[in-house]
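Look over the model below and keep the chain letters in view. The paragraphs that follow take an interface, a helix and a helix pair in turn.

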Amino acid sequence: MSQAALSVEALSKSFGGLHVFKDLTFDLAPGEILGVIGPNGAGKTTLVNVLSNQLTATSGTVRLYGEVVSGRSFPATARLGLVRSFQHTSVFPTATVAENLVRARYFAGRPPQIHTEATELLEVCGLGAVFHRKAVDLPYGLQKTLGLVMSCLAEPKVLMMDEPAAGLERVERIVVDKLVHYASHVLECSIMIVEHDMDLIRRLCPRSIVLEGGKILAQGATPNVLSEPSVISAYLGEALEANDAVH
Amino acid sequence: MDTFLLALVIGAMFSAQYALIALGFTLVFGILGVVNFAHGSMYMLGGYVAYWSVSTLGLPYPIAVAIAVLFTGLLGALIEILLVHRIVEDHLSTLILTLGVSLVIVTGVSLIFGHEAPQFTFPIAGSIPLGPAYMPLDRLIVMIVSGVAILAVYLLIFRSAFGRAVRALSIDQSIARTYGMNPRVLFAVTMALSSGLAALAGALVTPILSLSPHAGESVLLTAFVVVILGGLGSIIGATWAAVITGMIQSFAGIYVGGSLGTLLLFVLVIAVLTVRPSGLFGAPARGA
Amino acid sequence: MKKDMPYSVLQRERQFSGSDRVTLVALLLAAALPLLTSNILVQSVASQALIGFCGALAVHLMLRLGLLNFSVPGFMAVGGYAAAIAAEYGVQDLFALLGIAFSAPVVLAIPIGWIVLRLKGVYFVLVTYLLTEIVQLVIVETPSLTGGTNGLIGFPPTTFFGTELISGPAVYYTCYAAAIVALFVALWSTRSYGDIYDSQAHNETLAQSLGLDTARYKAQAFPVSAGVAGLGGFALVQLLITAHPLSFTAASSVNYIAYVLIGGAASLLGALLGTVVLVTAITQFSWSGEYSLGLFGLLLIFSVLFMRDGVVGVFTKIAHTIRGRNQLAYPATQGDPT
């Protein structure tokens with residue numbers, strides 16, 4: 001049995017009296033693309049924050065290819081190869097697209113040379129055309145894309161994407177597919193995608209985990225998970241609440 | 001034993017003053033996220049408005065104090081609405097903005113009243129025996145009024161609808177907004193409250209100590225020290241820190257000597273910060 | 001190669017921008033000032049500007065990282081007093097004293113920085129304010145070393161290869177020496193780390209998420225800022241021929257911050273422009289010694305609300321509109337590096 005790319009064991013996080021998640025245990029296999037879904041407030045973003053060590057876990061252990069990363073600093077964790085991308089656009093606004101990419105490589109300790117595939121990726125994502133524009137001047141979708149590309153250019157071993165499609169128009173979301181393809185096939189990265197866009201999850205993630213109320217509600221092959229009654233009612237419950245709030 | 005009791009009494013007085021000053025400062029930080037560099041000048045304005053009301057308008061001292069509080073509170077609200085609110089998201093800029101405001105206020109006061117300390121005395125003199133020591137009446141009154149004001153602030157923050165609203169705002173603005181709370185109004189009221197408290201302290205204390213356009217500088221420093229020690233944004237922290245600071249100032253002042261005592265206090269604060277980087281009661285997340 | 005083909009080498013460049021070059025040239029040209037005018041007042045104002053520039057650079061170096069540093073007068077005091085005390089012990093050579101004025105604050109700043117930089121941004125700001133106050137108190141409490149509230153006077157003058165620097169122009173050149181060294185240090189710092197600092201200032205979380213050890217760069221910038229401040233303190237003590245606590249109050253930190261913010265916080269040129277403009281303004285309106293603070297206040301309010309990038313920002317916007325977006329910051333690709 002080969003080592004898991006990311007091994008999460010009894011992970012818990014609470015803020016004072018508020019328990020965000022408790023005793024989470026799951027694995028990400030090498031080369032796998034895992035979906036993490038669940039209604040709002042289930043703790044998905046906090047999970048990414050804790051796994052990347054942006055926040056300290058209350059208890060539990062996280063291992064990257066067997067090496068314990070719990071308790072390390074946020075930058076050190078990234079350097080080890082566990083990188084996260086952000087739900088909201090995250091770029092260096094005053095720098096040009098080119099500078100942003102340079103910094104991504106440099107901060108991750110990667111050489112300035114990039115693969116042909118990466119160059120092609122930049123072109124395909126629309127970043128080639130705006131190479132010398134300041135990031136703050138880009139439309140929102142392109143900024144978001146830039147942020148995602150930067151986390152790929154860090155050449156992580158495990159990439160955790162926090163709602164990569166958020167803020168992207170439906171037509172723009174194909175970019176996420178391309179990035180995931182690049183990371184998975186060229187970088188041979190293992191990927192964890194937190195998402196609300198179910199089409200995206202179905203397209204890209206063979207296996208998924210459902211988080212609800214800070215616990216794993218279900219896990220397994222994505223089509224099975226998405227048709228499980230408990231999962232449907234968890235989401236339906238959320239839809240009903242949203243409905244109430246509107247009226 | 002006499003000295004000890006005296007130190008205790010003076011420490012209590014300092015603590016009340018510091019609490020009054022620190023509470024406003026930490027409220028503004030906790031709720032608006034603003035480090036209000038103009039806080040010291042609000043204290044100073046409180047003193048000057050009270051002085052002016054007494055000497056020029058000939059009003060009785062208690063009325064003068066009330067006017068000082070109302071005027072300065074209103075000014076604080078105006079500063080928030082007209083200036084701070086435009087950039088309230090940017091913590092660094094609001095700091096610089098309030099710094100600029102304090103400079104303007106100090107210069108304005110110098111222009112109107114001159115640089116020398118005006119004759120501003122507390123209307124009640126004398127002292128009463130308190131055990132083996134003598135407690136000056138003026139300081140006793142200041143302590144009592146401060147205590148009442150602090151209690152009122154606590155009731156307001158922890159037991160009223162307004163208090164719940166501002167505490168919700170300080171935790172999560174977007175959630176607070178969905179409940180119909182208007183940050184614009186609440187921010188302005190918080191600034192008004194904070195400035196009013198500083199002005200109250202100023203109106204009460206400057207006739208006892210001294211009044212000058214630069215009287216606010218050391219007050220600002222005190223606010224920094226107390227609020228850092230207690231934790232920025234924590235009301236309970238500010239109160240405890242005010243007591244600790246007041247007592248240390250008093251005891252160090254009596255047993256060790258003025259500036260050395262202050263030096264020890266500052267070093268102590270930094271020492272605390274090495275083990276608790278957010279102060280004794282501070283929340284880790286907030287800040288520039 | 002297609003015209004819009006993105007580059008395959010994302011090379012990091014050393015930061016030495018146009019405005020940096022202008023700053024360097026301007027300061028080099030300033031060496032000629034005593035040759036152009038023998039007016040003592042002008043030389044004095046220029047000396048004060050040079051000193052202010054050191055303080056402004058010290059503020060800029062931390063502000064570049066997004067940290068507002070009120071400890072500049074404190075470290076200026078450390079540098080100034082260290083040099084004066086060294087002179088009392090017979091060290092008079094300009095270069096030696098510059099070295100001491102730079103090193104003493106650096107040595108102190110390293111452990112202090114380690115403590116202070118772990119604090120969140122806001123705490124950092126307030127604690128640096130406290131640090132300057134602490135230096136004041138230490139000076140007052142150690143009269144045998146520092147002269148206490150009387151200050152240090154009568155220490156031997158600085159010498160340059162044996163010649164005593166006591167004439168008007170000589171004092172100017174002493175200040176100039178401090179300023180030029182300060183500028184070179186600042187240029188080195190921003191050239192080597194400018195992009196890292198900007199990243200931390202604008203999106204620290206992103207920088208960390210990619211693997212940047214932000215703590216290390218903060219810890220590195222703080223002593224450099226302190227050293228630069230120390231150079232300014234040395235120059236100030238030389239100009240006044242006395243080392244006095246009142247030269248280094250916490251309130252005076254506002255001056256240096258104002259120079260940087262009003263001139264333009266993003267560049268060294270901004271620090272220079274802000275210093276020159278404001279020091280000239282204060283000394284010109286010498287009757288408004290008190291009112292200068294009010295003027296600063298109004299300028300700070302105005303610049304924070306309407307002129308975020310300072311005077312330099314205004315000029316840059318104009319220049320950009322004229323020049324367009326033709327900047328090629330990176331060399332064309334040489335082809336695939338296989």
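Chain C puts 33 residues in contact with 38 residues of chain B, contact meaning that C-beta atoms, placed from the backbone, lie within 7 Å. On the chain C side, helices H6 (121-141), H10 (253-263) and H12 (291-306) supply at least two residues each; helices here are DSSP runs (H or I, at least four residues) numbered from the N terminus. H6(C) gives the most, 14 residues. That side of chain C holds 25 nonpolar, three polar and five charged residues, where Ala, Val, Leu, Ile, Met, Phe, Trp, Tyr, Cys and Pro count as nonpolar, Asp, Glu, Lys and Arg as charged, and the others, Gly among them, as polar.

This is a predicted model: local features need pLDDT of at least 70, side-chain atom pairs count only at pLDDT 80 or more, and totals for chains, interfaces and linings use all residues. Residues are numbered from 1 along each chain as its sequence is written, with chains lettered from A and ligands numbered from 1 in the order in which they are written.

In chain A, helix H4 (residues 116-124) has A:Ala118, A:Leu121 and A:Leu122 buried, that is, with 20 or more other C-beta atoms within 10 Å of their own, C-beta atoms being placed from the backbone. Seen down the axis of H4(A), these buried residues fall within an arc of 100 degrees, so they line one face of the helix; the arc is that of the directions from the helix axis to the C-beta atoms. Their cover includes helices H5 (140-153) and H6 (174-186) of chain A. Just after H4(A), A:Gly126 takes a positive phi of about 90 degrees.

Terms used: Two residues are in contact if their C-beta atoms, placed from the backbone, lie within 7 Å. A residue is buried if 20 or more other C-beta atoms lie within 10 Å of its own, exposed if 12 or fewer, and partly exposed in between; C-beta atoms are placed from the backbone.
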